[in-house]
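Visitor: I have the sequence and the model open side by side. Could you walk me through a few of the contacts?

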Amino acid sequence: MIRIARLYHRWLMLFVGIQFFVWSFSGLYMVMLNIHYIHGEDYLVSGQSVLPVDAVSYDINALLARFPHANSIRLGWLHDMVIYRFKLAGKDIMIDASSGHIIPSIDQDLAEQIASGYLHKSLPFSETKLITKSPPSEIGSRNLPLWQVEFEGLNSLTLYISPLSGELISTRHNAWRGFDLLWRLHIMDYTEGEDINNILLNVFTISGVLALLAGILLLYLRLFKNNCVDASA
Amino acid sequence: MFKVLHKWLALLVFLQLLTWLLTGFLLGKVDHNLASGGANYINHSNTNSQQTALMSINEVLQAYPLTQEIVLLRVFEQVVYKLTFSKSAHAYQKNEEVLINAVDGSRITLDKATAIRLAMASYQAQAKILKTELLHPPIEDLNQQKNALWRIDVSDKINTAIFINAQTGLVVAHVNDETRWRNLLMMLHFMDYTQQGSFNNLFIKSFAVLTLLQALTGLYWLVNLLRAKQFQVKWFSKQTTLTVNHNSGQKNTVLHLKKRQTLLSGLVENDVFISSTCGGGGVCGQCRFWNKKLIKPSISDIQHISAADIKSGYRLACQHYAQEVSEITLTSDTVGQTIK
């Protein structure tokens with residue numbers, strides 16, 4: 001019996017042993033690093049400044065009269081400016097709340113200032129570029145275009161800013177990138193990294209259960225039975 | 001050493017390993033669309049079609065000087081401003097937001113009737129309302145939630161509960177039996193026994209370390225076995241004969257074995273008694289035999305047999321294959337006794 005248990009444990013683990021290592025290593029990484037740090041929250045200021053009482057000279061009634069079909073109207077900050085943001089026929093529009101002027105899409109300078117404004121510690125810029133097509137996989141299916149503002153430092157912190165709304169869309173850094181890679185390895189989906197029911201994973205999970213059960217039987221026999229391998233084994 | 005560690009670590013982690021594999025497998029089988037509300041959940045967007053004049057923004061800011069952001073919304077017949085006083089990175093974290101009437105600036109408290117109306121507007125099917133209550137965290141079914149919520153239970157087959165943020169009226173979630181099943185699986189997979197809705201807890205951190213050690217010792221063992229060529233398939237290998245001499249006075253026997261079969265399995269399968277408590281792991285050191293050919297000793301041979309005995313020809317039957325020898329002797333001390 002114990003000889004058979006050992007045989008199965010050994011051969012099955014020859015097949016799934018590496019994946020057991022991958023599961024435990026990736027799992028350890030994911031549980032050890034705080035998920036809020038992975039999301040980039042440690043780098044970002046929490047909340048925004050209070051809107052100054054006299055910030056708005058261009059009132060919302062004027063705005064509504066001018067754009068009667070505006071949707072999802074919001075008043076908030078764009079770097080150091082108070083602006084209205086809204087959707088008009090699916091498009092993002094920004095209006096300066098003191099002058100009422102339309103704000104054209106954000107240029108590189110402003111994108112960098114906005115990105116810096118989100119950080120609670122100032123970092124030097126490394127590279128900034130406007131992404132209009134073939135986005136990096138780390139931003140998934142988010143709408144383009146996006147400003148990619150990368151900062152210097154070991155963690156290659158990168159903020160993605162929408163040029164149309166001036167808002168922070170994504171925060172990425174090397175610890176996040178490591179997490180993402182290990183997550184894919186953990187669920188054995190090496191493409192999109194989303195399918196936790198793929199065939200490869202199922203095959204390895206079921207083989208893993210069998211290998212584990214053989215190991216548990218082996219452990220039980222080793223600990224609680226004084227086996228002699230004889231004809232009845 | 002790593003073999004001993006592997007055995008005792010196994011005793012610590014085997015139940016959790018089984019839990020991880022099973023819950024991981026079952027999480028793959030969850031209907032995630034249904035668990036997020038399914039076909040009954042509709043999320044409708046706000047449209048403004050405002051006729052009457054609104055309270056000016058400056059008046060709002062004078063009345064609520066801590067405002068960081070203002071959003072114009074419509075809650076049924078009413079046009080409202082949603083004022084944000086403080087906002088966290090996630091909606092489930094503590095957020096300070098209020099609704100005010102956008103025409104006269106009065107505070108809107110979300111009463112039971114409005115909560116029910118908002119809930120049912122997000123619910124596609126027809127169902128009776130079973131229960132409505134205002135909850136404060138910690139909230140069952142939504143462990144991470146740190147804001148007060150209205151909970152509206154409706155009578156459908158999947159026991160849907162609709163959660164409405166009590167400050168803002170936004171639909172937080174539709175929870176049903178599939179969601180609860182997923183929550184249970186995740187709680188077990190993340191070892192989140194204190195129900196914090198997080199996998200950064202001390203239980204899982206300690207088990208993750210132990211499990212990695214278990215995997216590493218296992219992997220090291222596997223590599224050793226591979227290097228010692230211990231993974232041989234006997235099925236297609238040719239036959240060979242093995243003469244077994246007994247020092248104990250029994251008659252000698254001639255066995256027909258596969259060339260790529262370990263001596264231990266060959267002896268056992270032919271009803272020749274040999275002692276072993278580990279079943280061929282090279283761990284117990286009991287399955288000794290003697291052979292005059294002085295075949296190359298394995299690491300386990302060297303660990304369990306004294307140098308003098310190695311030199312004179314003793315080896316372990318689980319470490320060697322039938323093709324290596326044609327004749328072995330089982331001495332009395334190799335049978336049924338514990339050595340070292």
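This is a predicted model: local features need pLDDT of at least 70, side-chain atom pairs count only at pLDDT 80 or more; totals for chains, interfaces and linings use all residues.

Visitor: Which side chain meets A:Lys87 in a salt bridge?
Guide: Side chains of opposite charge can pair when their charged atoms come close. The term here needs a side-chain nitrogen of Lys or Arg within 4 Å of a carboxyl oxygen of Asp or Glu. With 3.5 Å from N to O, the partner of A:Lys87 is A:Asp92.

Visitor: Why are A:Asp180 and A:Arg184 separated by about one helical turn?
Guide: These two form a salt bridge, with the closest N and O atoms 3.3 Å apart. A:Arg184 is buried, with a relative accessible area of 16%. Helices are DSSP runs (H or I, at least four residues) and strands are too (E, at least two), numbered from the N terminus. A:Asp180 and A:Arg184 are about one helical turn apart because they are four residues apart in helix 5 (residues 174-187) of chain A.

Visitor: Which residues are joined with B:Asp177 and B:Arg180 into one network?
Guide: B:Arg180 and B:Asp177 meet in a salt bridge of 2.9 Å, N to O. They are three residues apart in helix 5 (residues 177-189) of chain B, and therefore separated by about one helical turn. Through salt bridges that share partners, the network also takes in B:Asp141, B:Arg151 and B:Asp153.

Visitor: In what order do the seven strands of the open sheet come?
Guide: Strands pair if DSSP finds at least two bridges between them. Six bridges join the antiparallel strands 1 (residues 71-78) and 2 (residues 81-88) of chain A, while strand 1 of chain A pairs with strand 1 (residues 69-75) of chain B over two bridges, also antiparallel. Strand 3 of chain A and strand 4 (107-108) of chain B stand at the edges, each with a single partner strand, so one side of each has no neighbour in the sheet. The order is 3(A)-2(A)-1(A)-1(B)-2(B)-3(B)-4(B).

Visitor: Which residue is the bridge partner of A:Leu75 in strand 2 of chain A?
Guide: A:Leu75 stands opposite B:Ile70 in strand 1 of chain B. In strand 2 of chain A, the bridge partner of A:Leu75 is A:Tyr84.

Visitor: Which residues touch the most other members of the largest nonpolar core?
Guide: Such a core is a set of buried Ala, Val, Leu, Ile, Met, Phe, Trp, Tyr and Cys residues joined through side-chain atoms within 4.5 Å. One of the two residues asked for touches A:Ile60 and B:Ile70, among others (contact means heavy atoms within 4.5 Å). Of the 32 residues in this core, those touching the most other members are A:Tyr84 and B:Tyr81.

How values were computed:
Residues are numbered from 1 along each chain as its sequence is written. Chains are lettered from A and ligands numbered from 1 in the order in which they are written. Side-chain values use heavy atoms; hydrogens and water are left out. Buried means under 20% relative accessible area, exposed over 50%, partly exposed in between (1.4 Å probe, protein chains only). Lists of a residue's contacts leave out its neighbours within four places in sequence.
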